[in-house]
Amino acid sequence: MDRIEAETKPSLLLFFGAVVALSIPFWVWGAVAEEHLIPGLPVSGLMAFCPAVAAVLLTLWRQGRAGAARLLARCLDIHRLRGRWLWLAISFALPPALLGLTYLFMRLAGAPLPAPEFAFAAMPLMFGAFLLAGLGEELGWFGYAYGAMERMGALNAALALGVFWALWHTIPYFETGRGAEWVAWHSLATVAL
């Protein structure tokens, strides 16, 4: 590996350390805040932007402005995705389809469920907020860290990143009032997905 490649290769230890360091103020804020951003989402949910901030800062430091610009451009670069229209359709259709099927199966099983409520006026705002938060996380996880982990193989890299992701979310989960059993099962299911 030549000197330039060594200087521009992502450092996972620095990245994960920076994500944790940047998240600490949000975890503390979430612990002392009386209110949630929305029901079930503590103030510490604002840490969603920490992976992107860490990725951009480390890329700026190691590759300069041009490297940071390339990293940011990857956010919306769907041209790199083979079969992009199929995968975009799947990514938009699959989550609501799975939630709908889950609701249907639970209903058929006789599980006690609340009636579904839809706040149609809030949907565009929520969509935008969660899209931005998703970009804040994914730019760091997949735009920066995953590329350095690919040598581990796709499955091992995804599992390692998933485990870190689950651990990183543990404090906000507890701040929503969830118990340890829920956090463990939810984390396991999320990493498996």
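Q: Which residues does Leu-161 touch, not counting residues up to four places away in sequence?

A: Contact means heavy atoms within 4.5 Å. Leaving out residues up to four places away in sequence, Leu-161 touches Phe-16, Trp-141, Phe-142, Ala-145, Tyr-146 and Met-149. Before we go on: this is a predicted model, where local features need pLDDT of at least 70, side-chain atom pairs count only at pLDDT 80 or more, and totals for chains, interfaces and linings use all residues. Residues are numbered from 1 along each chain as its sequence is written, and side-chain values use heavy atoms, with hydrogens and water left out.

Q: How many helices and strands does the protein chain have?

A: Helices (H or I, at least four residues) and strands (E, at least two) are DSSP runs, numbered from the N terminus. Here the protein chain has seven helices and two strands. Taken along the principal axes, the C-alpha atoms of the protein chain fill a box of roughly 65 × 45 × 35 Å.

Q: What share of the 193 residues in the protein chain is buried?

A: Buried means under 20% relative accessible area, exposed over 50%, and partly exposed in between (1.4 Å probe, protein chains only). In this protein chain, 26% of the 193 residues are buried. For the surface, accessible areas come from the Shrake-Rupley method with a 1.4 Å probe, and for residues only the protein chains shown count as cover. The protein chain exposes about 13,000 Å², with carbon and sulfur atoms supplying 72% of that area.

Q: Which residues touch the most other members of the largest nonpolar core?

A: A nonpolar core is a set of buried Ala, Val, Leu, Ile, Met, Phe, Trp, Tyr and Cys residues joined through side-chain atoms within 4.5 Å. The largest one here holds 28 residues, and Phe-15, Phe-16, Val-19, Trp-141, Leu-161 and Trp-168 touch the most other members. The elements giving two or more residues to this core are α2 (12–32), α3 (50–73), α5 and α6.

Q: How many aromatic pairs does the structure hold?

A: Rings of Phe, Tyr and Trp (its six-membered ring) pair if their centres lie within 6.5 Å; planes under 30 degrees apart count as stacked, over 60 as edge-to-face and the rest as tilted. There are eight aromatic pairs in this structure. Take Trp-141 and Trp-168: their ring centres are 5.2 Å apart and their planes meet at 85°, so the pair is edge-to-face. This pair links distant parts of the chain, with Trp-141 in helix α5 (residues 123–149) and Trp-168 in helix α6 (residues 154–175), 27 residues apart. Trp-141 counts as buried because its relative accessibility is 2%, and Trp-168, also at 2%, counts as buried too.

Q: Why is the pair of Tyr-173 and Trp-182 edge-to-face?

A: The angle settles it: the ring centres of Tyr-173 and Trp-182 are 5.4 Å apart and their planes are at 85°, so the pair is edge-to-face. Tyr-173 counts as buried at 11% relative accessibility, whereas Trp-182 is partly exposed, with a relative accessible area of 33%.

Q: Where does the charged end of Arg-178 sit?

A: A charge sits over a ring if NZ of Lys or CZ of Arg is within 6 Å of the ring centre and within 35 degrees of the ring normal. The charged end of Arg-178 sits over the ring of Trp-182, 4.2 Å from its centre.

Q: With which side chain does the side chain of Ser-23 make a polar contact?

A: A polar contact is a pair of N or O atoms within 3.5 Å; within protein, one must be able to donate a hydrogen and the other to accept it, and residues adjacent in sequence count only if both atoms are side-chain atoms. The side chain of Ser-23 makes such a contact with the side chain of Trp-168, at 2.7 Å. Ser-23 belongs to helix α2 and counts as buried at 0% relative accessibility.

Q: Which backbone oxygen does the side chain of His-169 reach?

A: The side chain of His-169 reaches the backbone oxygen of Trp-165 at 2.8 Å. His-169 lies in helix α6 and counts as buried at 10% relative accessibility. Leaving aside neighbours within four places in sequence, His-169 is in contact with Met-47 and Glu-137.
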